[in-house]
Amino acid sequence: MPTRRGQPEDQPPAEAGADTATGATAVELPLLNAPAGGLPPVVTDEAGLTAVVAAMTAGTGPVAVDAERASGYRYGQRAFLVQLRRAGAGTALIDPTGLPDLSALGDALAGAEWVLHAASQDLPCLAELGMRPTTLFDTELGSRLAGLPRVGLGAVVEELLGLRLAKEHSAVDWSTRPLPEPWLTYAALDVEVLVQVRDALAERLAEQGKLEWALQEFAAVAAAPLPAPPAEPWRRVSGLHAVRSRRQLAVVRELWLARDAEARRRDTSPGRLLPDSAIVAAARALPRSPQALAATGGFTGRASRSRLEVWAAAVARGLELPDAQLPQQAVRGDGPPPPRAWAAKHPEAAARLAAARAAVTAIADRHAVPVENLLQPDSLRRLAWQPPQPLDSASVAQALRERGARPWQVELVAAELTTALAEARVPEAVEEPEEPAPPATAPGAAQVPAPGR
């Protein structure tokens with residue numbers, strides 16, 4: 001384990017007091033609050049980038065990589081700061097707003113293992129800059145496979161290195177210029193110990209017999225294509241389930257398109273202009289005038305009201321759209337219908353799904369792996385909906401491989417999943433006993449009132 005900053009190697013951390021609940025002594029972990037080599041200057045020009053490329057090329061071993069976006073502030077998910085650290089090269093902070101092409105840096109690091117935390121979040125914005133890894137180690141994904149109870153970077157650093165990592169600037173507006181020094185310190189510290197986390201995590205995974213599983217997962221992440229944009233992104237509006245008619249869906253679509261165009265033009269987060277809740281409220285109310293729209297829930301904020309005419313025009317377009325051009329209530333994909341409808345209409349499939357879920361959950365529990373990392377829920381649903389024929393371990397294994405399951409996943413689940421699918425039975429309906437008829441009352445007998453009346 002690395003030396004804790006500001007503390008001799010042979011000295012235990014100071015005691016902070018007793019835990020009254022357990023009687024154990026609580027320990028205050030050392031705070032990682034300054035980069036080891038000092039805070040480097042932010043690279044903003046080609047000359048600085050050339051120096052970083054040379055340093056990183058001369059460095060050795062894995063390279064820690066991170067990126068900061070302005071989610072919730074700016075349009076899109078582009079990077080506003082890129083951080084790197086490599087042995088022999090130190091830490092580099094790069095401002096991509098003036099350096100939108102970092103392909104030279106990507107090429108210099110092509111043969112190195114990149115260490116990222118939650119890689120799938122950063123890879124798209126790094127790819128926009130020309131940086132794509134060939135090999136990576138995802139410390140967040142590795143932590144999940146290792147069974148760590150919390151997988152945020154701060155929690156993982158505490159668990160594996162015994163250090164506290166300040167996270168108070170995680171949700172700031174990284175498009176701010178100039179970036180405040182405390183923010184830059186925070187950003188530099190995100191890559192400060194990432195390679196040490198990688199080494200400690202690899203050791204733990206090896207002890208658990210899971211290192212090969214993790215390497216297969218990392219290879220899949222590195223090789224995966226960038227996610228394609230959805231065909232109808234407006235259907236991702238939060239709360240869309242409350243919109244019942246196709247006419248209302250048309251209003252949702254027109255408002256979403258108007259908001260997206262305005263947000264792109266202003267380079268701001270769409271939600272800052274108009275929240276999803278306002279879109280849904282307008283679609284349900286179908287207001288016929290700007291005044292009626294202003295009275296709808298969600299249009300009380302200054303940003304919403306300042307563009308009221310834009311939103312009212314969008315609502316009007318949705319109201320005037322011919323019936324033939326209204327969006328469909330639901331879009332069917334190439335998969336099975338939603339499982340909630342299976343029990344009534346497809347009880348055999350519902351029984352298979354229940355049995356398959358129970359089997360996969362039991363396997364995940366045995367190996368201390370999250371269920372969603374053991375097998376994709378979509379793969380499980382498809383297998384339960386239409387099992388391969390003949391139904392045996394070989395055919396199930398092949399079906400899993402065709403849906404992208406890695407060898408370690410197939411090896412763990414194929415046999416038990418086959419048994420679960422084959423032995424699933426629709427539960428027999430239990431008939432409720434008929435209630436006994438009330439006793440007959442003799443003519444003229446007094447009626448006894450029911451208790452409580």
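Two elements are in contact, as I use the word here, when heavy atoms lie within 4.5 Å of each other. I began with that sense of the word and then turned to the predicted model.

**Entry 1: helices against the sheet**

I looked up helix H3, residues 119-128, and found that H3 lies across E5, E6, strand E8 (113-116) and E9. Helix H3 runs at about 80° to E5. I then took helix H1, residues 46-58, which lies across E4, strand E5 (60-69), strand E6 (79-87) and E7. The direction of H1 is at about 150° to E7.

**Entry 2: the sheet itself**

In what order do the strands of the open sheet stand? I recorded the order E4-E7-E6-E5-E8-E9 for its 6 strands, with mixed pairing. Strand E4 (42-43) and E9 are the edge strands, and each of them pairs on one side only. I followed E4 to its neighbour, strand E7 (residues 90-94), and noted that E4 and E7 run parallel and are joined by 2 bridges. Val43 has Ile94 of E7 as its bridge partner.

**Entry 3: the protein as a whole**

I counted 20 helices and 10 strands in the protein. Of its 453 residues, 43% are buried. I also checked contacts between residues with a separation of 6 or more, and 66% of these contacts are between residues 24 or more positions apart. The accessible surface comes to about 24,000 Å², and carbon and sulfur atoms hold 53% of it.

**Entry 4: helix H8**

Helix H8 covers residues 211-223, which makes 13 residues. From its first C-alpha to its last I read 18 Å, close to the 18 Å expected at 1.5 Å a residue. Which residues of H8 are buried? I listed Trp213, Ala214, Gln216, Glu217, Phe218 and Ala222. An α-helix has 3.6 residues a turn, so residues three or four places apart point the same way. I next asked what covers the buried residues of H8. The cover includes strand E9 (135-138), helix H4 (139-145), helix H7 (194-207), H16 and helix H20 (407-423).

**Entry 5: helices H5 and H7**

On the side of H5, the contact is made by Leu153, Val156, Val157, Glu159, Leu160 and Leu161. On the side of H7, I noted Leu194, Gln196, Val197, Ala200, Leu201 and Arg204.

**Entry 6: backbone exceptions**

Most residues other than glycine have a negative phi, and most peptide bonds are trans.

The peptide bond from Arg177 to Pro178 is cis, with omega near -5°. Pro178 lies in the loop between strand E10 (164-165) and helix H6 (181-192). A cis peptide bond also leads from Gln389 to Pro390, with omega near -5°. I placed Pro390 in the loop between helix H18 (377-385) and helix H19 (393-402).

Leu286 has a positive phi, near 50°, and is found in the loop between helix H11 (276-285) and helix H12 (290-294). Ala368 has a positive phi too, near 55°, and sits in the loop between helix H16 (347-367) and helix H17 (371-374).

Conventions:
Residues numbered from 1 in each chain as written. Predicted model: local features only at pLDDT ≥ 70, side-chain atom pairs only at ≥ 80, totals over all residues. Heavy atoms only, no water. Helix = DSSP H or I, 4+ residues; strand = E, 2+ residues; numbered from the N terminus. Expected span 1.5 Å × (residues − 1). Buried < 20%, exposed > 50% of the residue type's maximum accessible area, 1.4 Å probe, protein only. Pairing = 2+ DSSP bridges. Axes fitted to C-alpha atoms, helices over the stretch in contact; angles between N-to-C directions. Areas by Shrake-Rupley, 256 points an atom, 1.4 Å probe, with all protein chains shown as cover.
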